[in-house]
Amino acid sequence: MSHTLIPRLTTGDALARFTLVESALRSGRNAADLVIDEAGVAVPHPTGGSAPTASVLGRWRAEVMESLRDVKTGSVNDNAMHSMRLGQAISEVIDPSPSDAAHDGGWAFLSLNLFPDILEARWPLKDGRLPKDRWIGKQAGRDRNYLKLAWRRWQLLGPVMVEFNEPFGEDEFGSLLERQAVARNVRLVRFAAREVATYQGAFGRNDFTRALMMGLTAMTGPLQLDVLDDHELEALVRATAMQIDPHSSGLGA
Amino acid sequence: MRAMPHRVADPGAIIFGEPVLAVAGQTYAHGEPVESWDYATPFTVIMSVTVDRERFLESTGLSTLDGVVACVAVDCKVSGTRYVERLPLPASGAPADIRVHIGPHQVAQAVEVTPSVVLDSAEGLENPEMVAFRRGSRLISSTRSYRFPLEGSATLFPTEAFSFAAAGFPSGAAWKLNFDPDEIDDPYLGAVRLLINTDHPISGELLSGEPTLARSVLFHEVIAQMLLTVAGSFRTIPTEFEEDSVGAAMNHLAETYLGLSLAQAVDALGNDRAETLCRLQDRTAFMNVRATS
């Protein structure tokens, strides 16, 4: 894990930079021309790790961009693959400290300064506006910053996505990780994701995912699932899936 | 209080002590800012548990303490992490400590500590006496969580001041309140942020902390907006809340400024919004500087 801390933009600086980027894109400028690969006004947390040098920021950008070379956006499948490869690249290249990554200012810096072209490829102008929550995050409440979500999803479900070559879509991620208290049980979510990845039953996969997670969430009332071992958790997820659809494939367990 | 499909322990059969957080040679009580922590510093949460063996066995219907564990979960909502440690229930009646070690760079902002008692064996069978038999069965039905603030000014209302014009906000606005919690149990301080427009002539007054007309308006509007947001966002309001959650903070505000529980306040806003907001003006000393000074 990296102990290099990501420079942070304050809310005011992030919003001002967002306005500039949006305006530049609206006037036809190329997003890659808007890259700022130095900290500038962004300041990393003062303690607990080291600040990145300009060469480190340059390496972060070069290596993440190389990882996304030839990865397209547009279709549902392309977008899912883009998110997965991006999350993997952030994990492997930047490798944020979870403590540092909990603060939205660092993600705003990465989105608006270091990787505006990645954001623009996935979340471009629509009716002349950029989706602020994807570019900066929500600022208060649950974050929706694209880079942060891609990284977080890779952290949680990267092994499952690789094992089944299955980049989950927005809806499936939404259902798998919606209940935060359940999502903090990483082993449980991974077993559920394996079940979803191999599902071949009669329900739509999104409906199956939602029903599966509702069933598992209901069990967290009488049971503390954290104490179950892997075999027991796997069996629990399998049994819950079978209750929803007896024809679920069973390949995931 | 959760209803369980099996028998649980009498409230007095298990006593958890108040947890402490030990870091860099110092210990902190819950609610106390953990000033000697930074990302690189590991820490330990310590919580004691004491068991009244006879009372526990009688109320749960279990025949032995073997296979029963006390658990302490340390959750960090913003980093999405959870650490759980367990300890076999001490049969002696003397307190025993459960220690949860958190390594460097794992958590941020705050952690919540929640104790539980769980059946950690699976040798029993379903039975008419409703004695717990499934591994993981929770054997106490009500526990509270304890919050340890690790970063920031945990007691201050999160406020940021900057130029709205440069940020693309309406340049003539004085403030904007960001408050849009996803869940009633979200951490309150992570769900709210007050933005002040430094271009506005009143901004200095708003940021001063002095009791002025402008601040009385801001105060009333912030509380009103938060109550209306909760009323519009959550179909059901529980009666118990996690410590330092949106629900707990809003319930406190509703009780203080409307004399109602949060659930009652939401009902009142639905039934007669104008009357309820009028009562809120009265209780917040709206535009009445002498009453607030």
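**Entry 1: chain B as a whole**

I began with how far apart in sequence the contacting residues of chain B lie: among contacts (heavy atoms within 4.5 Å) between residues at least 6 apart in sequence, 70% join residues at least 24 apart. I note that this is a predicted model, in which local features need pLDDT of at least 70 and side-chain atom pairs count only at pLDDT 80 or more, while totals for chains, interfaces and linings use all residues. Residues are numbered from 1 along each chain as its sequence is written, chains are lettered from A and ligands numbered from 1 in the order in which they are written, and side-chain values use heavy atoms, with hydrogens and water left out.

I then looked up the secondary structure and found nine helices and twelve strands in chain B, where helices (H or I, at least four residues) and strands (E, at least two) are DSSP runs numbered from the N terminus. Taken along the principal axes, the box filled by the C-alpha atoms of chain B is roughly 70 × 50 × 35 Å. Of the 293 residues of chain B, 46% count as buried; buried means under 20% relative accessible area, exposed over 50%, and partly exposed in between (1.4 Å probe, protein chains only). For the accessible surface of chain B I wrote down about 13800 Å², with 50% of it belonging to carbon and sulfur atoms; the areas come from the Shrake-Rupley method with a 1.4 Å probe, and for residues only the protein chains shown count as cover.

**Entry 2: the interface with chain A**

The size of an interface is often given as the accessible area lost when the parts come together. Between chain B and chain A I found a buried area of about 3700 Å², of which carbon and sulfur atoms give 48%; this is the accessible area (1.4 Å probe) that two parts lose on being put together, summed over both. B:Tyr39, B:Arg82 and B:His105 supply 19% of the area that chain B buries against chain A, more than any other three residues. In residues, 49 of chain B are in contact with 45 of chain A.

I next turned to the charged pairs, and the rule finds seven salt bridges across the interface of chain B and chain A, each a side-chain nitrogen of Lys or Arg within 4 Å of a carboxyl oxygen of Asp or Glu. I looked up the salt bridge in which the side chains of A:Asp226 and B:Arg82 meet, at 3.1 Å, N to O.

The count of residue pairs in polar contact between chain B and chain A, both at pLDDT 80 or more, is 24. A polar contact is a pair of N or O atoms within 3.5 Å; within protein, one must be able to donate a hydrogen and the other to accept it, and residues adjacent in sequence count only if both atoms are side-chain atoms. Among the elements that give two or more residues to the side of chain B that touches chain A are S5, strand S6 (81-88), strand S8 (110-119) and strand S12 (192-197) of chain B. The largest share of that side, four residues, comes from S6(B).

**Entry 3: B:Val72**

I found B:Val72 in strand S5 (residues 68-76) of chain B, where this residue is buried, with a relative accessible area of 0%. Not counting residues up to four places away in sequence, B:Val72 touches several residues, including B:Met47, B:Tyr83, B:Ile98 and B:Val113. B:Val72 and B:Phe16 are 56 residues apart in sequence and 10.0 Å apart in space, C-alpha to C-alpha.

**Entry 4: two asparagines of chain B**

B:Asn197 is in strand S12 of chain B and is buried, with a relative accessible area of 0%. I traced its side chain to the backbone nitrogen of B:Phe164, reached at 2.9 Å. B:Asn178, in strand S11 (residues 175-179) of chain B, is also buried, with a relative accessible area of 13%. A polar contact of 3.4 Å joins the side chains of B:Asn178 and B:Lys176.

**Entry 5: backbone angles and a covered helix**

Most residues other than glycine have a negative phi, and most peptide bonds are trans. I noted a positive phi of about 50 degrees at A:Asn165, which is not a glycine, in the loop between helix H8 (146-163) and helix H9 (170-177) of chain A; A:Asn165 counts as exposed at 58% relative accessibility. B:Ala24, not a glycine either, has a positive phi of about 50 degrees and lies in the loop between strand S2 (20-23) and strand S3 (26-29) of chain B.

Last, I looked up helix H5 (residues 104-114) of chain A, which is mostly covered, with eleven of its eleven residues buried.
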